[in-house]
Amino acid sequence: MQSANNIEKDVSYIQKLIDVGDVAMLVSKSDHGVLKSRPMETVGINSYGEIFFYTTLSSELIRELTENNYVNLSFVKENHNFISVSGVTQIIKSKPELISFWNSCYEKWIPNGLDNPSIVLLKVSLMSAEHWGHNTMLRSIRQLLTMGSTDSNNVHESIET
């Protein structure tokens, strides 16, 4: 099991890789058991490893998350950097929290913005994360977080091929 210091270090590492405005492909499981992906724009990430997105209560995604709130986020960054985050979701309806992340550019996704009665924040709490980087001839993978596991061999600082 990772120590609290290692988990904090790894969350800090993820925070440096993911930026507000980054678009993730969020993968959820449909009512019929089919995996579905949809683009979601990151509106926040905090020091606890929680990533935030805006959506609406009327979205198909919210219905899916009612049955199964585990998701995967895939980010593709510049310079051939790839991040995969697995986590558990929570719906946040608190007006102060909605306001805290708001930027008018999100109206492209949420008609009527903060005045939309069905606007919510989707919080994804990290359970595990992986980062793949490519730097000329070196390819490496770093599995960052594996919370809730007792197998100490499941965290790799680096594997080079």
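Q: What makes the 20 residues of the largest nonpolar core a core?
A: A nonpolar core is a set of buried Ala, Val, Leu, Ile, Met, Phe, Trp, Tyr and Cys residues joined through side-chain atoms within 4.5 Å. The largest one here has 20 residues, and I14, I18, I51, F53, L73 and V85 are those with the most contacts inside it. β7 (119-135) is among the elements giving two or more residues to this core, and β7 gives the most, with four. This is a predicted model, where local features need pLDDT of at least 70, side-chain atom pairs count only at pLDDT 80 or more, and totals for chains, interfaces and linings use all residues. Residues are numbered from 1 along each chain as its sequence is written, and side-chain values use heavy atoms, leaving out hydrogens and water.

Q: Why is Y106 called buried?
A: Buried means under 20% relative accessible area (over 50% is exposed, in between is partly exposed; 1.4 Å probe, protein chains only). Y106 has 5%, so Y106 counts as buried. Y54 is buried too.

Q: Why is the pair of W102 and Y106 called edge-to-face?
A: Rings of Phe, Tyr and Trp (its six-membered ring) pair if their centres lie within 6.5 Å; planes under 30 degrees apart are stacked, over 60 edge-to-face, and the rest tilted. W102 and Y106 sit 5.7 Å centre to centre with 70 degrees between the planes, so edge-to-face it is.

Q: And what makes the pair of Y54 and Y106 tilted?
A: Their centres are 5.5 Å apart and their planes make 45 degrees, so this pair falls into the tilted group. Y54, W102 and Y106 together form one aromatic cluster.
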